[in-house]
Amino acid sequence: MRIVRRFCGSSVGKKVIMAVTGMSLAGFVLVHVLGNTAIYFGAESFNSYAAHLHELDPLLKVFEVVLLLLFVVHVSFGVSLFIRNRFARPQRYAVSQSSGGRTLGSVTMFYTGLIILAFIAYHLWSVSFSSRPFMTSIADLIRAHLQSPYVAGLYMVSVSAMALHLSHGLWSLWQSLGGSHPAYDTLLRRGALALAVLVGCVFVSFPILAQVWDGFLR
Amino acid sequence: MSSAITIDLILKIWRQQNIHARGALQTYTLNDISTDMSFLEMLDVLNDQLVLAGYDPVAFDHDCREGICGMCGAVVNGQPHGPETETTLCQLHMRHFKTGDTLVIEPFRARAFKLVKDLVVDRSAFDTIIQAGGYVSVNTGGAQDANSLPVSQKNAEEAMDAAACIGCGACVAACPNAAAMLFVSGKISQFALLPQGHPERRERALNMVKAMDEEGFGNCTNERECEVSCPKGLSIRNIARLNREFLKAAISLP
Ligand code: HEM
Ligand code: FES
């Protein structure tokens, strides 16, 4: 109990929790994007990928619950850290000028988080828990969604926000966990950015393909 | 000696009588400032003129004016200690500015640094953090034999780098979250790296972080603004070390 209180009750401990949950969520996102590349190989392979996933069923349910818990913890602590940080500087500067440390990703962390939150709510409602009309395959469902220009646009905004979140997060989490070495720091920072951009590009490619290519998921 | 170069400036300085009064930026024009002057000498000239004209001089902190005591500091155009890297305000020279420049000068802003007057803030929150763990206990008795406590060269260097912190508070001023992590991590590092700091190592990490939180500083979000603003060039590697020290202590202490 005392250990839990030490973590949840202190700024540094909360950051460790953010890092651990963020890392796990990022791991999920990486696996998710890899799985989704089955879309490139057409409807059949995507449907069979989805079917194989569901064969893991009892395990999948456990996994979903764990993921949800991690997510709830990440969001709650993220919001509480954000509020406390606002509180710590009651009067803002008349002129604010970065000295060169911040990045677009780090500045927008909370806001990209909110976009991801909204997107995941929509995603769960429209894909994961949707009552699919009888005989509609998952591929048909995704195609129908992404062929709408509005859905495609929102999707692109959301996954870009996710990439931005990861561009800072994938480096930041190591620092929060205490890992830092001058020999690897630049590599780690560039690697985080590269991985975030790659994940973003793969996710963004789906709505683009759906919009411009008739053979998408057929 | 060649004739001195002088510049004319427009200053917008935060004026506030005390923490309860309303503050505002006041505009002053200041002409014929020698570029050989330091920033604080420039403020001295302004204050001379203000006093002669019957106004209240601008209050600002300073002591050594050599960049070693950590008393000076203000935010110039959004940057603590001004635009030069690894330079305190007292060591910032006016040659880095051009004639006609507008300089907005504000106090360090954080809930934990209460404003005293104009550019002066109360940084005693740092003292409270130091009292919570920034010390080592040494038993009295005969002096240690020389070289009986070996310290690796790497650790000695890193401890010295961390100990370069002068406690000015620029890291807090620069941090978007008004976090004091660079300061605290410097103090924790200088002890964690040396054998003399090891007896209280675990308690120190927990206690200093606790004091830091209680004083109302924000949380680190790894923005790295502190390390680029630090006049002594402390690296955020110290913050990673602080996080490690905290983790080890939080898990291992009963
Ligand atoms: C799948 C979705 C998400 C992933 C993969 C993810 C990943 C990450 C990672 C890796 C970090 C870095 C942790 C660190 O600096 O130690 C982070 C930080 C953060 N995340 Fe997320 N996140 C996700 C969703 C969200 C959501 C929905 C929010 C909602 C508000 C959010 C808010 C934040 C905030 C505010 C931070 C910065 C915390 C800090 O630096 O103190 N994230 N995230
Ligand atoms: S007055 Fe001592 S460091 Fe500037």
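Let's start on the surface, where Met23(A), Trp174(A) and Leu188(A) form a nonpolar patch with about 240 Å² of accessible area together. A patch here joins nonpolar side chains (Val, Leu, Ile, Met, Phe, Trp, Tyr) within 5 Å, from residues with over 30% relative accessible area and no salt bridge; a salt bridge is a side-chain nitrogen of Lys or Arg within 4 Å of a carboxyl oxygen of Asp or Glu. Areas come from the Shrake-Rupley method with a 1.4 Å probe, and for residues only the protein chains shown count as cover.

This is a predicted model, in which local features need pLDDT of at least 70 and side-chain atom pairs count only at pLDDT 80 or more, while totals for chains, interfaces and linings use all residues. Residues are numbered from 1 along each chain as written, chains are lettered from A and ligands numbered from 1 in the order written, and side-chain values use heavy atoms, without hydrogens and water.

Met23(A) lies in helix α2 of chain A, a helix being a DSSP run (H or I) of at least four residues, numbered from the N terminus. The largest share of the shell around ligand 1, seven residues, also comes from α2(A).

Now for the ligand itself: 24 residues surround ligand 1, each with a heavy atom within 4 Å of it. They come from chains A and B, so the site is shared between chains. Polar contacts (N or O atoms within 3.5 Å) are worth a look. A polar side-chain atom of Lys15(A) lies 2.6 Å from an oxygen atom of ligand 1, and one of Ser172(A) lies 2.4 Å from an oxygen atom of the ligand.

Methods. A polar contact is a pair of N or O atoms within 3.5 Å; within protein, one must be able to donate a hydrogen and the other to accept it, and residues adjacent in sequence count only if both atoms are side-chain atoms. Helices (H or I, at least four residues) and strands (E, at least two) are DSSP runs, numbered from the N terminus. Patches are made of residues with over 30% relative accessible area and no salt bridge: like charges are joined within 9 Å, nonpolar side chains (Val, Leu, Ile, Met, Phe, Trp, Tyr) within 5 Å.
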